[in-house]
Amino acid sequence: DVKVTQSSRYLVKRTGEKVFLECVQDMDHENMFWYRQDPGLGLRLIYFSYDVKMKEKGDIPEGYSVSREKKERFSLILESASTNQTSMYLCASSLPQGAYEQYFGPGTRLTVT
Amino acid sequence: GEDVEQSLFLSVREGDSSVINCTYTDSSSTYLYWYKQEPGAGLQLLTYIFSNMDMKQDQRLTVLLNKKDKHLSLRIADTQTGDSAIYFCAESGGSYIPTFGRGTSLIVHP
């Protein structure tokens with residue numbers, strides 16, 4: 001059974017803190033993605049990676065960075081958390097061929113106070 | 001850029017059929033997807049359809065694609081309370097980065 005796991009289901013951080021969200025997939029997928037989900041706005045792509053050490057900006061990369069040192073792990077970093085980064089963060093992975101279907105983790109609900 | 005539109009809410013009675021509609025603008029769409037998100041969970045792929053097909057059926061789910069009108073629909077037969085969730089339409093225009101709609105909240109009441 002395919003699996004994408006995220007390090008935390010719920011996280012509460014203070015404004016200005018550095019925050020790490022981690023995602024691990026066991027499907028040997030080349031592609032990994034970070035989205036944020038807000039009510040009424042759907043999913044917005046923050047960053048994606050198509051290979052180890054490779055990363056590309058998505059639609060809303062400001063205030064975020066990513067790291068992919070190993071194929072199975074993709075980390076999202078909030079350098080200095082702000083209240084407008086309170087959101088649900090979803091990680092996904094996919095193959096670079098075929099139907100490109102994405103497999104999602106359970107999400108991390110981050111609250112920045 | 002590409003856009004995917006879907007209505008935000010749909011309310012149905014248990015046992016009825018649900019039809020969730022989606023329109024998209026990318027004429028080069030190759031795959032079109034339906035994902036389901038249950039409360040507090042991530043998205044789960046329900047089904048997808050290749051752009052050269054016009055229908056796909058999988059148990060209670062029927063996907064219809066009208067490529068000329070760029071319209072995709074998901075029909076759920078005999079809707080149950082367990083089908084209550086957010087349903088996302090998505091399309092990929094030949095790349096591995098899909099464009100998602102904002103999601104339709106399906107509410108099933110007794």
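Helices (H or I, at least four residues) and strands (E, at least two) were taken as DSSP runs, numbered from the N terminus. The structure is a predicted model: local features need pLDDT of at least 70, side-chain atom pairs count only at pLDDT 80 or more, and totals for chains, interfaces and linings use all residues. Residues are numbered from 1 along each chain, and side-chain values use heavy atoms, without hydrogens and water.

Chain B contains eleven strands and zero helices. Its C-alpha trace spans about 40 × 25 × 20 Å along the principal axes. The radius of gyration of chain B is 13 Å, which agrees with the value near 13 Å for a compact globule of 110 residues. That radius is taken over C-alpha atoms, and the globule rule is 2.2 Å times the number of residues to the power 0.38.

Of the 110 residues of chain B, 43% are buried (under 20% relative accessible area, 1.4 Å probe, protein chains only). Contacts were defined by heavy atoms within 4.5 Å. Among contacts in chain B with a separation of 6 or more, 55% join residues 24 or more positions apart.

Rings of Phe, Tyr and Trp (its six-membered ring) pair if their centres lie within 6.5 Å; planes under 30 degrees apart count as stacked, over 60 as edge-to-face and the rest as tilted. A:Phe104 lies in strand S10 of chain A and B:Phe100 in strand S10 of chain B, so the pair joins two chains. A:Phe104 is buried at 10% relative accessibility; B:Phe100 is buried at 11%. Both belong to a cluster linked by ring pairs, whose members include A:Tyr100 and B:Tyr96.

Definitions and conventions
Chains lettered and ligands numbered in written order. Buried < 20%, exposed > 50% of the residue type's maximum accessible area, 1.4 Å probe, protein only.
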